[in-house]
Amino acid sequence: MHHLFGLVLAQKDLSRAGDLFSLEDAEIEGSLSEALEQIRIISSAADYQTNDNDQAVVEICVTRITTAIRETSSIERHGKALVALWESCLEHNLKPSGKDEDAPHAKIASDIMSCILQNYNRPPVMALAVPVAVKFLQRGNKELCRNMSSYLSLAAIAEAELLAEHTETIVKSVLQGNSLLLRVLPALYEKRPQAIRACLRDLVAPTAPRDPAEQHHLLRLLHIVARNRELGALKECLPFLFGHLRDPNHSEVILNILLEISSYEPAALAPFLPTLREIGESFPSLIGQTAKIFGAVGHLDEERARTSLLYLVSQLANMEHSFHHVLLLEIKSLTDSFPGILGTQSRDIYRMSNSFSAIARLLLRQLGTEGTATARTEKDPEEKRPVPLDDLKSVVNGSEEDEKLQVKIQAFEEKISVDNSTPGSVRRYSLGQVSKEERKDMRFNR
């Protein structure tokens, strides 16, 4: 050991401790592990917590050592001795005193923590540090726990496998109120899904409200669970998801989670359709996602198909043109799956109508719900009955708006034709099978 380090530590000489900073880092680098061991012995003495002189000497020496380790990039060489001193702090009281002053060993732990965990991208160092770091999460020092959580979040990016071995401890810390570690859970789920699945219900039922960033990390976790088709674990989380669906900060993310679920288990979302209807009315920009969920649920059976169609058609009559293609695709898919709902008029409705509002009127009439469309859908005085083909033309109005919409319909048909056709095949999801010449004739006749 360097003679000055030896003198200061052996005699606990506070007057000479400051001279350590006059030495070059390279000059003392070879003595750092030995000095750390000597500090561990001093700080473990029975009277250390009441001996102000010893505490001051140790604090100065620890600061000098961690500075030298950073400047000489020798963390891997001295990591074992550094972690040993760090772990020894766990044997002592770390809670702050009544005057909000850190306990002596908490000060040592804090200085060492920042020195070690800033090297989160060095696997040999993290292999030594992580098992000790997670122990500090349960020791009652909130400030130390908060700082530790921030560093562990960085470690999870580089070395998630090392943290995965301590998933249960980390989840327990989150449930005790350490919300900062929520950002670690998505990475850990990929490694240890079972440990997190078992606690999902508790994670979504916090005792205290979370800020938007923390809620975002929790929703990221639920999205991963949904993508992995773990509906059993998610079923109890559905009320939580729908309860936060009205939050504009999270509504889109939650709808993406629900879309994942609807792709393989739409029946689980059927009881929540009224809530989805309200969301679509309150947030028109989300109609594309809600329409797809209604469409997925509608494919379960003919009764649900009718319910979904009524909603989709009513939106078709009221939504902006940018959403019409999504709504029409869902409507067409449902009517193709359940042709009995519209009968033989299905193809004619899409072919003969020259505006989205007219399509909506025709569909509503055929569904037997004439007069329910709002805003842009006019009430038809006729009684509910199947619509003959001859009457379809009469329903279509010749307003200037409809003429403009004809261009949009044709563009939509051409886009869907390109997307869904192969050479020589019949077009799917088009609004009609009419040739360009027939369209010209129809427009000329009007």
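A disulfide is a pair of cysteine sulfur atoms within 2.5 Å. The structure is a predicted model, in which local features need pLDDT of at least 70 and side-chain atom pairs count only at pLDDT 80 or more, while totals for chains, interfaces and linings use all residues. Residues are numbered from 1 along each chain as its sequence is written, and side-chain values use heavy atoms, with hydrogens and water left out.

Zero disulfides were found in a search of the whole structure. Cysteine 61 has a relative accessible area of 0% and is therefore buried (under 20% relative accessible area; exposed is over 50% and partly exposed in between, with a 1.4 Å probe and protein chains only). Cysteine 199, at 18% relative accessibility, is also counted as buried.

The search of the whole structure gave three aromatic pairs. Rings of Phe, Tyr and Trp (its six-membered ring) pair if their centres lie within 6.5 Å; planes under 30 degrees apart count as stacked, over 60 as edge-to-face and the rest as tilted. Tryptophan 86 and phenylalanine 136 are stacked, because their ring centres are 5.2 Å apart and their planes are at 20°. This pair links distant parts of the chain, 50 residues apart: tryptophan 86 is in helix H6 (residues 75-88), and phenylalanine 136 is in the loop between helix H8 (123-133) and helix H9 (142-158). Helices (H or I, at least four residues) are DSSP runs, numbered from the N terminus. Tryptophan 86 is buried at 0% relative accessibility, and phenylalanine 136 is buried at 1%.

Phenylalanine 294 and tyrosine 311 form a stacked aromatic pair, with 4.0 Å centre to centre and 20° between the planes. Phenylalanine 294 lies in helix H20 (residues 287-298) and tyrosine 311 in helix H21 (residues 302-316), so parts 17 residues apart in sequence are tied together by the pair. Both phenylalanine 294 and tyrosine 311 are buried.

Key:
Helix = DSSP H or I, 4+ residues; strand = E, 2+ residues; numbered from the N terminus.
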